[in-house]
Amino acid sequence: MNAQPVIFDGHNDLLTRLWLSSAVDPVHDFIYGTLPGHLDLKRCRQAGWMGGLFSIFLPPYAYVKNSHPDKLSNPSGSDFTPQEIVDICCEQLALAQQLQARSDGQIQICTSLAQIQACQQNQKLAIVLHLEGAEFLAIKPDLLDVFYDAGLRSIGPLWNRKSLFGDGLNASFPHSPDTGSGLTDQGKDLILECSKKGMLIDVSHMNERAFWDTLETIHQPIVATHSNAHALCQQARNLTDRQLNAIKQSGGMIGVNFDVAFLRADGQRNTQTSLDVIVDHLVYLIDHLGKDQVGFGSDFDGCLLPDDLSDISQISMLIERMQQRHFSDDLIEKVTSKNWFAVLDKIWQ
Ligand SMILES: [Zn+2]
């Protein structure tokens, strides 16, 4: 392959990192300067990373309380207040809007494949807004329309916490994805409403019962934006062969997560992890789903990366490894962008 491939990626936590940042103006730093972490505009451009699904996410309370108490209205509390939950999600949406508004046309929130492809042609960063855990919609359901109008086109109703919408997914390694009861009636109503709006429904943080509930409730391609193969790493967040087959049958796809704990056979948070392990998951998933239904779901800015891929600037190392493992140029193009484009287009039509 002569030119580096364009990369469109199923999951990152940049917006949450900007929200947590103690920098004076992290939006400015992202666009015009340098920002600690896995992503900033300059590094993304140089690496050919044109964007992907950007998560709006309520971080774990204990993490915010211990590391960023200034972000809480009551740092000695025991959990977020309902108002804080709503505020945190609205503030992350506002950060995405600021990225667009202050980037001098270099960053765009996209709601269609045509917009994403125009971004690719014009070397803009494409943001597709994704909601990871929908707790704030349990508090303020009317905000779904507000967020949709602002460009939200993808939703994972559950994160690891239990919520009005269902049990989360929380289990020690090794564990099957079967960690609790599935979607509540409110959870089913939420994904049905979002499906009717033409939104992507993400199963990446669902326990197994919620996964099957989703398949019974909605009838569209099912997507796991950032999960891996359970056969290779028995993390509860990874997908069993039965689940892989169901995703394949639905016409959906899987984005491979670069977090070492979701990659390694021993499940350890050990960054001395070969990039070959990422390729192993890609190969396994392609064997089970075919060449058209697997992509990247890096989890940049929300995960522990292998040492050889410490930020976006080193993504070419992974591409090289794929080439060494005999991925054709055509297959690399599918995995790095085309498969995401195709599935988003199918769901958004
Ligand atoms: Zn996640």
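1. In this predicted model, the largest cavity is lined by L169, P177, V203, S204, M206, S227, A236, R237, N238, L239 and Q243. By class, this lining comprises 6 nonpolar, 4 polar and 1 charged residues. The space within the largest cavity amounts to about 30 Å³, and the structure holds 1 cavity of 30 Å³ or more.

2. Q243, one of the residues lining the largest cavity, also takes part in a helix contact, on the α11 side of the pairing of α10 with α11. Helix α10 spans residues 208-217 and helix α11 spans residues 241-250; their axes come within 12 Å and cross at roughly 20°. Angles under 35 degrees count as roughly parallel, and α10 and α11 are therefore roughly parallel to each other. Their crossing is left-handed.

3. On the α10 side, the contact with α11 is made by E208, F211, W212 and L215, which face R242, Q243, A246 and I247 of α11. The residues of this contact are 5 nonpolar, 1 polar and 2 charged.

4. The crossing of α13 and α14 is right-handed.

5. From α13, the residues L275, D276, I278, V279 and L282 meet M317, L318, R321 and M322 of α14. The contact of α13 with α14 has 7 nonpolar and 2 charged residues, with no polar residue.

Key:
Residues are numbered from 1 along each chain as its sequence is written. This is a predicted model: local features need pLDDT of at least 70, side-chain atom pairs count only at pLDDT 80 or more; totals for chains, interfaces and linings use all residues. Side-chain values use heavy atoms; hydrogens and water are left out. A crossing is left-handed if the near helix is turned anticlockwise from the far one by less than a right angle, and right-handed if clockwise. Helices (H or I, at least four residues) and strands (E, at least two) are DSSP runs, numbered from the N terminus. Contact means heavy atoms within 4.5 Å. Ala, Val, Leu, Ile, Met, Phe, Trp, Tyr, Cys and Pro count as nonpolar, Asp, Glu, Lys and Arg as charged, and the others, Gly among them, as polar. On a 1 Å grid over the protein atoms alone, a cavity is a set of points where a 1.4 Å probe fits but cannot get out, and a pocket is an open set with protein on both sides within 12 Å along at least five of seven lines; lining residues have an atom within 4 Å of a point. Grid points are joined across faces, edges and corners, and a volume is the space filled by probe spheres set on the points. Axes are lines fitted to C-alpha atoms, for helices over the stretch in contact, and angles run from 0 to 180 degrees between N-to-C directions. Angles under 35 degrees count as roughly parallel, over 145 as roughly antiparallel, 65 to 115 as roughly perpendicular and the rest as oblique.
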